[in-house]
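Good morning, colleagues. Please look at the structure on the screen while I go through a few of its local features.

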Amino acid sequence: SELKGGDTTGGVKHQEDKGSPIAIEGVANVFSSAGNSNIGRVGENRGTLDVRLVHWGERARKGLDCDRVIADFRRRISGIHNASVTVLKPPAMNGFGTYGGVVAYLCAVAPLSASQRSADAEAYAAELRRSPLVASADTTFSANTPMLRLDVDREKAKALGVDAATIFSTLQSELASFYVNDFNVRGGAYQVIVQSDYADRSDFSDVLGTRIASAGGAMVPLSSFASLRHELGPRVVNRYNKLPSAGVVIMPAEGVSSLQIVDLVKSHPPDERKYVIDWSPMTLQEIASRGRFGHLASVAILLVYLVLVVGCESWRRALLQLVPSAVAVASAICAMWLSAFPVSIYSQLALLFLLGFSIRFSFGNDWLDLFALGVFAAALLPLVFSVGIGSSAQRAIVIPVVGGLVALAVFVC
């Protein structure tokens, strides 16, 4: 979650308590972390809630699957208007799934202010959220963080004998911290850090009351040549490909691929006079490799076939040895189509396993091999009808494997 007004961790903690899912049926406990966000890095106006659900066996009797709990939580946080909240469902296996979503960057090609870029990014995310393909869309850029702006009259400071470098080094040590040196004591290395006490830097007047040493040795108050005022602005000025940018994190809906989200973004471009769309490195690589799977698979099959030709010393025998693999892979694809399962990273791993496993039967087999093949397929069969936590990932892997193994067993018999 991220407070839109750039509040501190105290405000984040208050909103986390307000929207905490601990009262939702099916939730066991919640761990909150103020100051950190899984999609927006760290910041005083960000926070994370890690939710642990009740055991699946207890929730199954009440029909409380993970998606229903998430839906209840989204209804609970719908009344929070001063914060941007994104609900993320972790994948069944670490490293797989759409946990990171698709990240698109609105790169400004026109001279726009930070507040204008923030407003445009919010409006663009809201437009994407109206699509049924999108589970959520939020921007990580905000220009509403409260800050203090110090304006230094350098000519007046120079007339008072105060050097600009002395001003900034003094402010560094008084308001933040300043490294001096290291020293060793009893075999340990320690740092000397200069910093004012909290009581001397907690108020607006403490800044202007800071005294700066002049060239003549006099201590000149900062208020003599500087002014301080409140303003709103971005916590971090983001640039992508050297252009001022605002990132939009888009989470696909269930069963929607990341490339479908890319097509959606391309079909809803922002104002071309102001912005161009760019992508995160991962999404950019996915776009670049789009449509190349067939070519790469053809090259891989050709290389395998040529290796078999060398081993068999016959073009025809090598071609026949590829038939079991082709039957297994084709049957696996048909099983996925009949079960209405989309092609995902899980099913691709299953096809890769099936291709390697079926090559074993290209070099002959006996009754023991066929028996092992049948036992393996029978052992995986219960997972085809599995329900509960991680069942979608299990079925996406097992359905093509079982379909390919059954067809392979019938073929080699």
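I begin with Ser118, which touches Phe141, Ser142 and Ala143, leaving aside residues up to four places away in sequence. The model is a predicted one. Ser118 belongs to helix H4, which covers residues 114–129. Is Ser118 buried or exposed? Its relative accessibility is 6%, so Ser118 counts as buried, the cut-off being under 20%.

I turn next to strand E14.

Which strands pair with E14? Strand E5, residues 102–108, pairs with E14 in the antiparallel sense over 6 bridges; within this pairing, Tyr105 has Gly247 as its bridge partner. Strand E6, residues 134–139, also runs antiparallel to E14 and is joined to it by 5 bridges, with Thr139 opposite Val248. Strand E13, residues 239–240, is joined to E14 by 2 bridges, again antiparallel, and Arg239 has Pro244 as its bridge partner. E13 and E14 form a hairpin with 2 residues between them. In that turn, Asn241 has a positive phi of about 55 degrees.

Finally, I come to Leu160, in the loop between helix H5 (154–159) and helix H6 (164–175). Leu160 has a relative accessible area of 39% and is therefore partly exposed. Leaving aside residues up to four places away in sequence, Leu160 touches Ser214, Val220, Ser224 and Phe225. Leu160 and Ser214 are 54 residues apart in sequence, yet their C-alpha atoms are 7.1 Å apart in space.

Definitions and conventions
Residues numbered from 1 in each chain as written. Predicted model: local features only at pLDDT ≥ 70, side-chain atom pairs only at ≥ 80, totals over all residues. Heavy atoms only, no water. Helix = DSSP H or I, 4+ residues; strand = E, 2+ residues; numbered from the N terminus. Buried < 20%, exposed > 50% of the residue type's maximum accessible area, 1.4 Å probe, protein only. Contact = heavy atoms within 4.5 Å. Pairing = 2+ DSSP bridges.
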